[in-house]
Amino acid sequence: MASLSPQQRVAVTGIGLITPFGSTRAESWDALKRGESATRWLHADELDLPVGGNRSSAGSWQFAGATVPRTVSPLIVAGETFDEPVLALAVKAATEALHDADIEIDAEDRTRIGCVVGTSKGGIQSLSRAIASHRLGTGGQDVQAVNVWRQFPPNMASLMVAAHYGLEGPCLCPVAACATGLVCLNRGFELVRDGHCDVVLAGSSDASLCTSVLASFHRLGVLARGFDDPATACRPFDRHRSGFVVGEGAAMLVLERLDRAVARGAPIYAEWIASGYAADVSGVTQLEEKPLGLIRLIHDVLRRAGLTAAEIDYVNLHGTATRQNDLCETNALKQAFGTAAKSLRCSSLKGGVGHLLGAAGSVEVAA
C-alpha cells in the first residue's frame, strides 16, 4: 500500500467579495471600515409577492433587506444565458478572487484546481419567478421552464464556476444552511491540505430576497421588528435586539499550497491553520439551551491549531441578533475561553450587511 503524502500547509492568496455594499472587494471593505449599514426598505417590485414583513400605517406589508448592486450581469456559459443571481454572484466573486491571486487559468494544470461552492437553497429566485408566471408543467416543451430547473439545484453554482474556467479537479457543493459558506471553505482547505488539489476556489453565494424565504423567517419570528429605520433594524448582541434582516452576496477564496504560493511570489493574506465540524441536534431551528456542542467545537479547533485561548485576537461571531443565538454564543465563548474572554475582541457583520444565509460564512471569513 502506498504511503500517504505529508499534509500541505494552506494559504489564502485571493479574495473575491460581493456584498450589499458593492460588487467588488474594495467597495465592501471600505464600507465595513466606515461602520455603515446597507439595510433599507425593499420596494414592491423587488419581491415576487406582497406578503410578510412589517405592517406600515397604510396596512400594506414591508420588508427590510440588503440587496447586492444590480450591476452583476446574467451569466453566459457555453452560449447559454442564466439569469439566476446566485449563479452570477458566484462566478463574479470567483473571477475577482483569481485575479486577486494573480492566477492565470490558461497557464495552469486544470486537473489540479478544484472548486467547492455552496448556495444552501439553489436558484430560488428563478423558481419563484417560474411558479409565479405559471411557466412550469408544460411537459418539458417550454425551453424557459427547462432552463429554470437547471438553475435551481444547489450544486449549479459550483458547476458554473467549474464550467466557466474549465476546471477538472473536484467540483463539490456542501449544503448546511447558514453554515454552508464555512463548510465549503473548510472542505476546500482539506482538499489542498490532503494533496487532492494545488488550488481550490472555495466559497458560497446566496440571493434569497424573495417572498417565500422572507415570509418563512417572518413566521419563525426571527426577522427584526419594531423599527422605523432599516439601517438600525439588526442589532447583534444589543439588549433590545429583535432579529435579523436578509441580505444577498457571495465570497470566494483562493486556497493554495503554501509552498507553491511562496514560490510564485503570490500575495498571502493568511494561512488556514485549523477548523472543525459539529452539529446541534436539538432541532431544525433551535439551539442547545446549554451550548455544550459549540464549547466542544471551540476547544477542538484550538487543539487542532495548537493554540491557547489567550493567543486568539479576534472572533467573528455568527451574531444573528436573535434572542437565542446571541445568548448561546456569548455563553459558549465565556465558558470555552474562560478568563481570556474578557479581553477577546468580537463582532458580527450582520448589522451592516444583513444575514447572508448560505453566503454568511464565506463573506464573513473574506472580510
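Reader: Which residue stands opposite Gly-249 in β12?

Author: Asp-206. This is a predicted model. Asp-206 belongs to strand β10, residues 199–206.

Reader: How do β10 and β12 pair, parallel or antiparallel?

Author: Antiparallel, over eight bridges. β12 covers residues 249–257.

Reader: And how does β8 run against β10?

Author: Parallel, with six bridges joining the two. β8 spans residues 113–118. Ile-113 stands opposite Val-199 in β10.

Reader: Why is β10 largely enclosed by the rest of the structure?

Author: Eight of its eight residues are buried, so the strand is largely enclosed. Val-199, Leu-201, Gly-203 and Ser-205 point one way. Val-200, Ala-202, Ser-204 and Asp-206 point the other way.

Reader: What sits at the start of α2?

Author: A side-chain oxygen of Glu-84 comes within 3.1 Å of the backbone nitrogen of Val-86. After the helix comes Asp-102, with a positive phi near 60 degrees.

Reader: Now Glu-329. Where is it?

Author: In helix α10, residues 323–337. Glu-329 is buried but has no salt bridge.

Reader: Which side chain of opposite charge is nearest?

Author: Lys-350, 7.1 Å away.

Reader: What does a polar atom of the Glu-329 side chain lie 2.7 Å from?

Author: The backbone nitrogen of Gly-319.

Methods
Residues are numbered from 1 along each chain as its sequence is written. This is a predicted model: local features need pLDDT of at least 70, side-chain atom pairs count only at pLDDT 80 or more; totals for chains, interfaces and linings use all residues. Side-chain values use heavy atoms; hydrogens and water are left out. Helices (H or I, at least four residues) and strands (E, at least two) are DSSP runs, numbered from the N terminus. Buried means under 20% relative accessible area, exposed over 50%, partly exposed in between (1.4 Å probe, protein chains only). Lys and Arg count as positive and Asp and Glu as negative; His and the chain ends are not counted. A salt bridge is a side-chain nitrogen of Lys or Arg within 4 Å of a carboxyl oxygen of Asp or Glu. A polar contact is a pair of N or O atoms within 3.5 Å; within protein, one must be able to donate a hydrogen and the other to accept it, and residues adjacent in sequence count only if both atoms are side-chain atoms. Two strands pair if DSSP finds at least two bridges between them.
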